[in-house]
Amino acid sequence: MNESIYYNVDKLHTAIAAQKAITFKYFDYDIARQKVFRRDGKRYTASPYGLIWNSENYYLVAFDHINQDMRHYRVDKMTEIAVTCLNREGKDRYPDFQLAQYGQKHFGMYSGEEMTVTLRGTRAMVGVVLDRFGQDVILIPDGPEHFTVSIPLVLSPQFFGWLFALETELTLIAPPRAVAEYRERLRLVQAKYLQDQ
């Protein structure tokens, strides 16, 4: 499997450098560790923009020709990659696309709805926020011991898990829809653990 990743990465670098689209098949594994192809085995057509190393995996960030949006794919789950003669698409939809920003917004490379959330944290969380979201975020003082920060990100289970690990030191305060979703996730987990006792 590791050898196939090297070949995949090599083909992807070729396509990125030439600014050409690729086709490939994409799969998951079932419980018997057999490949199960997505889209019933039909080939994906996508325009590669870059590779990201995240959580011990390589991901290709590419413009999906069918859905007309930017998506990411695990390189080790891609097979039969072919570099085409089609020019790369997506520049008109994403004229200022930044690979680093894309990776920063997608916790653990999970997909989801992108929105701007507001967090409120204690002073001890300043370094945590800057490490995760970069030095360019704007921290707004909120009393002597707290700050708020608004960040564009993809709302995902990974984001909620990261937030949960910080307990009450960093809290999600807006938008109301995101707060409601986080509360519901916490409620469901608590109910499951209470039920199993």
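Tutor: Ala-174 touches Val-117, Thr-118 and Val-179 once residues up to four places away in sequence are set aside. The model is predicted.

Student: Which strand holds Ala-174?
Tutor: The strand in question runs over residues 170-174. Ala-174 has its place there, in strand S10.

Student: How far apart in space are Ala-174 and Thr-118, C-alpha to C-alpha?
Tutor: Thr-118 is among the residues that Ala-174 touches. In sequence the two are 56 residues apart. From C-alpha to C-alpha, the distance in space is 5.0 Å.

Student: Is Ala-174 buried, partly exposed or exposed?
Tutor: Its relative accessible area is 24%. Buried means under 20% and exposed means over 50%. Ala-174 therefore counts as partly exposed.

Student: Which element gives the largest share of the lining of the largest pocket?
Tutor: That pocket has a volume of about 680 Å³. Of its 29 lining residues, the closest to the centre are Arg-71, His-72, Tyr-102, His-106 and Ser-111. The elements that give two or more residues to this lining are strand S5 (69-74) and helix H2 (99-105). The largest share, six residues, comes from S5.

Student: How many residues in the lining of the second largest pocket are charged?
Tutor: The second largest pocket holds about 260 Å³ of space. H2 and strand S9 (146-155) each supply at least two residues of its lining, which includes Lys-105 and Asp-136. The lining divides into four nonpolar residues, five polar ones and, as charged residues, two.

Definitions and conventions. Residues are numbered from 1 along each chain as its sequence is written. This is a predicted model: local features need pLDDT of at least 70, side-chain atom pairs count only at pLDDT 80 or more; totals for chains, interfaces and linings use all residues. Side-chain values use heavy atoms; hydrogens and water are left out. On a 1 Å grid over the protein atoms alone, a cavity is a set of points where a 1.4 Å probe fits but cannot get out, and a pocket is an open set with protein on both sides within 12 Å along at least five of seven lines; lining residues have an atom within 4 Å of a point. Grid points are joined across faces, edges and corners, and a volume is the space filled by probe spheres set on the points. Helices (H or I, at least four residues) and strands (E, at least two) are DSSP runs, numbered from the N terminus. Ala, Val, Leu, Ile, Met, Phe, Trp, Tyr, Cys and Pro count as nonpolar, Asp, Glu, Lys and Arg as charged, and the others, Gly among them, as polar. Buried means under 20% relative accessible area, exposed over 50%, partly exposed in between (1.4 Å probe, protein chains only). Contact means heavy atoms within 4.5 Å.
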